[in-house]
Amino acid sequence: MLKQLKTLSIFEPMKVIITILLVLNVFLLRAQEEVTSFYFSEPQPSSITPLEKFDDDICGRYLYAEDTLTSLIITPDSIYTHFGTFTYLAAKEIEDSDKYRLENNLLYGIKDGKGIPYKERNDTIFTYITQNDLLFKPSKNHKLNKSGDKFYLNTKEDNGYYSTEVFSLEEKKLIIYSIDHEQVLEEILQFKSTRTVLVGGFKTYLSAPTKSEFISFVENKGFRDKTVYLDSEKL
């Protein structure tokens, strides 16, 4: 009897460990199965001739609602962000450097061939650098479509499929809508064309909805993630 009790006391912790490992393994397998992605197989809405430029009424500068130091600029043929960053250098670092120099109240060496204004405080040089980052330009891999009062930006990804964003002017706000497919998966599965493929080893939902299916999807808030820009300034 004593031997039997002793044997149980040795193997009982091992059973607990094995059980925990099995549960974790099942959990990890399920987590991997839940990692999915979604793309359109063609620019949206379908059956529309792509535009080469944006309408004048949407062109302008829009301030990012969460950080007004960042703005979105739409020109007839492109979209880019304009933003700035603060940086600083020790005055001694500039003196000892062959790269940087101060001349005519400008700091050279940060922007190629251009001097930028600076402020000096306690032997430290402070600057504010602005730059532009191109986001979208109608081209072979970037298709601009329009239906009604909405613009659709279609970007062909490296995998050959398209991601789509919706640009809409609403009460002097520019709102950019994108898809979180997990939130609207039920609606996506209602597209007659939706199928699943493996992309990069992950389960991917791929759709080619008809124009009417897609417009209905948009009107029913299929694009729910939004980024808001304010205070349009016409260019």
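**Entry 1: Lys150 and Asp149**

I looked up Lys150 and found that it forms a salt bridge with Asp149, with the closest N and O atoms 3.6 Å apart. The model is predicted, and I read every value here as computed from it. The cut-off for a salt bridge is a nitrogen within 4 Å of a carboxyl oxygen, so the 3.6 Å of this pair passes. Side chains of opposite charge can pair when their charged atoms come close.

I then checked the surroundings of both partners. Lys150 has a relative accessible area of 23%, so I noted Lys150 as partly exposed. Asp149 has 52%, so Asp149 goes down as exposed. The cut-off for exposed is over 50%.

**Entry 2: other salt bridges**

How many salt bridges does a search of the whole structure find? It finds six. I followed up two more of them.

Asp96 forms a salt bridge with Lys92, and their closest N and O atoms are 2.7 Å apart. I placed Lys92 in helix α2, which covers residues 91-95. Lys92 is exposed because its relative accessible area is 56%. Asp96 is exposed as well, because its relative accessible area is 55%.

Glu187 forms a salt bridge with Arg224, with 3.6 Å between the closest N and O atoms. Which parts of the chain does this pair tie together? Glu187 is in helix α3 (residues 185-188) and Arg224 is in the loop between α4 and β15, so the bridge ties together parts that are 37 residues apart in sequence. Glu187 has 29% relative accessibility, so I noted Glu187 as partly exposed. Arg224 has 39%, so Arg224 is partly exposed too.

**Entry 3: the largest pocket**

I turned to empty space. Rolling a probe the size of a water molecule over the atoms shows where empty space is left.

The largest pocket holds about 250 Å³ of space. It is lined by 17 residues, and the closest to its centre are Leu135, Leu153, Glu165, Phe167 and Ile176. I sorted the lining residues by type and got nine nonpolar, five polar and three charged.

**Entry 4: the second largest pocket**

The second largest pocket holds about 190 Å³. Its lining is made of Lys150, Val166, Glu170, Tyr177, Val218, Glu219, Lys221, Phe223 and Lys226. The elements that give two or more residues to this lining are β11 and α4 (211-219). By type, the lining divides into four nonpolar, no polar and five charged residues. Lys150, from my first entry, is one of the lining residues.

Lys221, also in this lining, needed a separate note. Lys221 has a positive phi of about 60° although it is not a glycine. I located Lys221 in the loop between α4 and β15. Its relative accessible area is 58%, so Lys221 counts as exposed.

I looked up another positive phi. Asn122 has one of about 50°, and Asn122 is not a glycine. Its place is in the loop between β7 (114-121) and β8. Is Asn122 buried or exposed? It is exposed, because its relative accessibility is 77%.

I also checked a peptide bond. The bond from Gln44 to Pro45 is cis, with omega near -10°. Pro45 is in the loop between β1 (36-40) and β2.

**Entry 5: a nonpolar surface patch**

Leu69, Phe86 and Tyr128 make a nonpolar patch of about 340 Å². I placed Leu69 in the loop between β2 (60-64) and β3 (71-75). Leu69 has 47% relative accessibility, so I noted Leu69 as partly exposed. A patch residue must have over 30% relative accessible area, so the 47% of Leu69 passes that cut-off.

How values were computed. Residues are numbered from 1 along each chain as its sequence is written. This is a predicted model: local features need pLDDT of at least 70, side-chain atom pairs count only at pLDDT 80 or more; totals for chains, interfaces and linings use all residues. Side-chain values use heavy atoms; hydrogens and water are left out. On a 1 Å grid over the protein atoms alone, a cavity is a set of points where a 1.4 Å probe fits but cannot get out, and a pocket is an open set with protein on both sides within 12 Å along at least five of seven lines; lining residues have an atom within 4 Å of a point. Grid points are joined across faces, edges and corners, and a volume is the space filled by probe spheres set on the points. Ala, Val, Leu, Ile, Met, Phe, Trp, Tyr, Cys and Pro count as nonpolar, Asp, Glu, Lys and Arg as charged, and the others, Gly among them, as polar. Helices (H or I, at least four residues) and strands (E, at least two) are DSSP runs, numbered from the N terminus. Patches are made of residues with over 30% relative accessible area and no salt bridge: like charges are joined within 9 Å, nonpolar side chains (Val, Leu, Ile, Met, Phe, Trp, Tyr) within 5 Å. Accessible areas come from the Shrake-Rupley method with a 1.4 Å probe; for residues, only the protein chains shown count as cover. A salt bridge is a side-chain nitrogen of Lys or Arg within 4 Å of a carboxyl oxygen of Asp or Glu. Buried means under 20% relative accessible area, exposed over 50%, partly exposed in between (1.4 Å probe, protein chains only).
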